[in-house]
Amino acid sequence: MSLSPVAMGRLFVILNGKSATDTRVREALVALRQSGREVDVRVTWETGDATRQVAEALALGAVAVVAAGGDGTLNEVAGALAATDRLADALPALAVLPLGTANDFARSAGISANPEEALQLLSQPTRPMDMLRVKLADGSTHWCANLATGGFGTRITAETDPELKRRLGGLAYVLTGLGRMGQAEPMQLHLRGENIDGMYQFIALGIGNGRQAGGGQVLCPRGRVDDGLLDLTLIPPPEEATEFWQTLRVAFSEGRAAALEQMGLCLRGTWFELSAAEAFHLNLDGEPKLSTHFRIDCIPARLRVHLPPASPLLSDAA
């Protein structure tokens with residue numbers, strides 16, 4: 001397959017340090033260089049490294065930046081690109097090499113976990129990608145590429161020990177969740193949007209571009225990265241056991257999207273505001289933020305991204 005003009009320029013790979021010794025990644029990057037590509041590799045070791053490395057990629061004139069790691073790496077790389085004052089067409093394109101524990105965005109997008117196959121997407125034309133801009137009560141601004149999530153699952157993600165996650169992968173979330181099952185209390189918040197304004201109880205919520213978070217929890221099954229809209233799903237606590245089993249039957253017979261719509265509140269809009277009397281966690285691509293108020297805006301076509309042509313996250317996908 002011939003490379004597109006965008007893919008033929010300088011490539012900047014931002015590699016999570018946990019995968020620095022992965023021989024599959026090394027071999028895939030060597031193959032790129034042998035094909036005539038100019039490839040720069042930078043390794044991250046702590047929070048903030050990827051942001052500094054994106055600035056370096058911009059200074060060097062890279063045409064594409066590869067977020068090589070998990071959802072946290074994607075969040076920092078995409079967020080650093082989105083936070084600049086450059087328009088999308090003047091920014092390097094974004095590509096994703098999934099090497100993390102959950103890889104929720106990559107799985108939703110249909111990106112292969114095989115490094116060589118994932119990097120072949122650089123030969124695909126770029127597509128516009130929306131980003132979530134999230135403002136907290138303290139005035140700080142953050143970015144989110146996949147999903148902003150809240151509720152019990154978000155608490156589990158925030159409380160899962162990093163060392164346990166490194167050793168056990170996605171199983172670490174399950175074990176942590178089992179240990180906290182007795183603490184799964186509903187939360188209450190004030191939800192505002194273009195067509196909603198009220199108080200709601202919930203056990204889980206998701207807002208975003210993608211479809212799943214927390215190691216495979218599908219919360220926004222109809223999410224798209226290029227439609228200029230946020231998908232919101234809010235799951236209230238079941239009132240009685242029969243409601244749970246009815247929803248489970250729908251999930252098996254009609255699919256997860258239908259089950260979520262029966263059980264929860266599903267909305268679309270360009271912005272939402274969440275507020276509560278006490279501070280609560282909202283995970284931005286797995287990175288927990290604590291605040292009493294969150295304002296989430298969809299910033300349409302903020303980046304350009306290399307995705308599979310038939311990615312479920314594209315509006316024109318079959």
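Two strands pair if DSSP finds at least two bridges between them; the strands themselves (E, at least two residues) are DSSP runs, numbered from the N terminus. This is a predicted model, where local features need pLDDT of at least 70, side-chain atom pairs count only at pLDDT 80 or more, and totals for chains, interfaces and linings use all residues. Residues are numbered from 1 along each chain as its sequence is written, and side-chain values use heavy atoms, with hydrogens and water left out.

**Stop one: the hairpin.** Select residues 187-193 (S8) and 196-202 (S9), which pair antiparallel over seven bridges. Two residues sit between S8 and S9 in this hairpin. Pick Leu-189 and you'll find its bridge partner, Tyr-200, in S9.

**Stop two: the other partner.**

**Stop three: Met-199.** Back in S9, click Met-199. Is it buried or exposed? Met-199 counts as exposed, at 52% relative accessibility (buried means under 20% relative accessible area, exposed over 50%, partly exposed in between, with a 1.4 Å probe and protein chains only). Leaving out residues up to four places away in sequence, Met-199 touches Gln-188, Leu-189 and His-190 (contact means heavy atoms within 4.5 Å).

**Stop four: two positive phis.** Jump to Asp-285, in the loop between S15 and S16 (287-305). Asp-285 isn't a glycine, yet its phi is positive, about 55 degrees, and this residue is buried at 5%. Finish at Ala-301 in S16: its phi is also positive, near 50 degrees, but Ala-301 is partly exposed at 36%.

Definitions and conventions: Helix = DSSP H or I, 4+ residues; strand = E, 2+ residues; numbered from the N terminus.
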